[in-house]
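User: Hello! I am new to protein structures and would like to learn how to read one. Could you take me through it feature by feature?

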Amino acid sequence: HESAPAIPRDLVVREIALTPEIHARIHQVLELLPRCCESGVADRVDGLCLQLLIELLLRHGRHDPVPEENERIRKIASYLQMHFADALDFAAIARRFGYSLRSFYRHWEECHGVPPATYVARLRLDEAKRLLAESSFPVQTIGRRLGFRGSAYFVHFFRKHTGQTPLQYRKAALP
């Protein structure tokens with residue numbers, strides 16, 4: 001059993017735009033994964049993943065110089081992207097990254113234009129949409145995985161932000 005590599009504490013996750021090429025490569029990999037044991041398929045998946053990695057590095061790998069204050073906010077955004085399904089204590093997160101809560105909120109909104117709670121809600125909503133479209137997990141399982149206390153609250157949250165129930169969204173997302 002291999003253990004997952006440790007995630008560096010200073011990792012900065014950046015948002016990327018899924019171009020049609022990147023989306024197509026991801027789709028190709030996902031289609032091939034169930035057949036990985038067939039002859040040559042694993043090599044094809046490796047090749048597609050390499051192409052995807054190269055595309056991401058070339059298109060999105062540039063590191064623009066960022067003021068130190070913004071870099072700390074990016075690190076917090078990375079933290080939130082990796083822990084959005086957890087119960088989050090913004091005061092503790094602010095302290096961990098050297099901010100008072102008030103200062104953290106001010107700098108965050110200058111960089112992102114929305115409060116951190118709204119940012120986390122969008123992350124949860126995007127992941128909910130992805131899981132509904134790409135998995136057969138029951139709605140209550142998806143809600144629980146995304147940190148919602150109950151399936152009724154998850155359904156309410158989802159409908160409020162999309163205008164559809166999770167099941168309506170899933171049906172519309174099916175090919």
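Predicted model: local features only at pLDDT ≥ 70, side-chain atom pairs only at ≥ 80, totals over all residues.

User: How many helices and strands does the protein chain have?

Analyst: Helices (H or I, at least four residues) and strands (E, at least two) are DSSP runs, numbered from the N terminus. Here the protein chain has nine helices and zero strands, and its pattern along the sequence reads α-α-α-α-α-α-α-α-α.

User: What share of the residues of the protein chain count as buried?

Analyst: Buried means under 20% relative accessible area, exposed over 50%, and partly exposed in between (1.4 Å probe, protein chains only). Of the 175 residues of the protein chain, 29% count as buried.

User: Which residues have the most contacts inside the largest nonpolar core?

Analyst: A nonpolar core is a set of buried Ala, Val, Leu, Ile, Met, Phe, Trp, Tyr and Cys residues joined through side-chain atoms within 4.5 Å. The largest one has 29 residues, and Ile76, Leu80, Phe104, Trp108, Leu146 and Phe154 have the most contacts inside it. Two or more residues of this core come from each of helix H3 (68-83), helix H4 (90-96), helix H5 (101-112), H6, helix H7 (139-145) and H8. H6 gives the largest share, eight residues. Apart from this core lies another, of five residues, among them Val29, Leu32, Val45 and Leu48.

User: Which residues does isoleucine 76 touch?

Analyst: Contact means heavy atoms within 4.5 Å. Leaving out residues up to four places away in sequence, isoleucine 76 touches Ile93, Phe97, Tyr99, Phe104 and Trp108. For the protein chain, 55% of the contacts with a separation of 6 or more are between residues 24 or more positions apart.

User: Is arginine 144 buried or exposed?

Analyst: Arginine 144, found in helix H7, counts as exposed at 56% relative accessibility. The C-alpha atoms of arginine 144 and alanine 85 are separated by 8.7 Å, and these residues are 59 residues apart along the chain.

User: How many disulfides are there?

Analyst: A disulfide is a pair of cysteine sulfur atoms within 2.5 Å. By this rule the count comes to zero disulfides. Cysteine 37 is exposed, at a relative accessible area of 83%, while cysteine 111 is partly exposed, at 34%.

User: What lines the second largest pocket?

Analyst: Rolling a probe the size of a water molecule over the atoms shows where empty space is left. On a 1 Å grid over the protein atoms alone, a cavity is a set of points where a 1.4 Å probe fits but cannot get out, and a pocket is an open set with protein on both sides within 12 Å along at least five of seven lines; lining residues have an atom within 4 Å of a point. Grid points are joined across faces, edges and corners, and a volume is the space filled by probe spheres set on the points. The second largest pocket is lined by 14 residues, with Val120, Arg124, Gly147, Phe148 and Tyr153 nearest its centre. The elements giving two or more residues to that lining are helix H6 (116-134) and helix H8 (151-162). This pocket has a volume of about 260 Å³.

User: Which residues line the largest cavity?

Analyst: The largest cavity, with a volume of about 30 Å³, is lined by Glu21, Ile22, Arg25, Gln51, Leu52 and Glu55.

Methods: Residues numbered from 1 in each chain as written. Heavy atoms only, no water.
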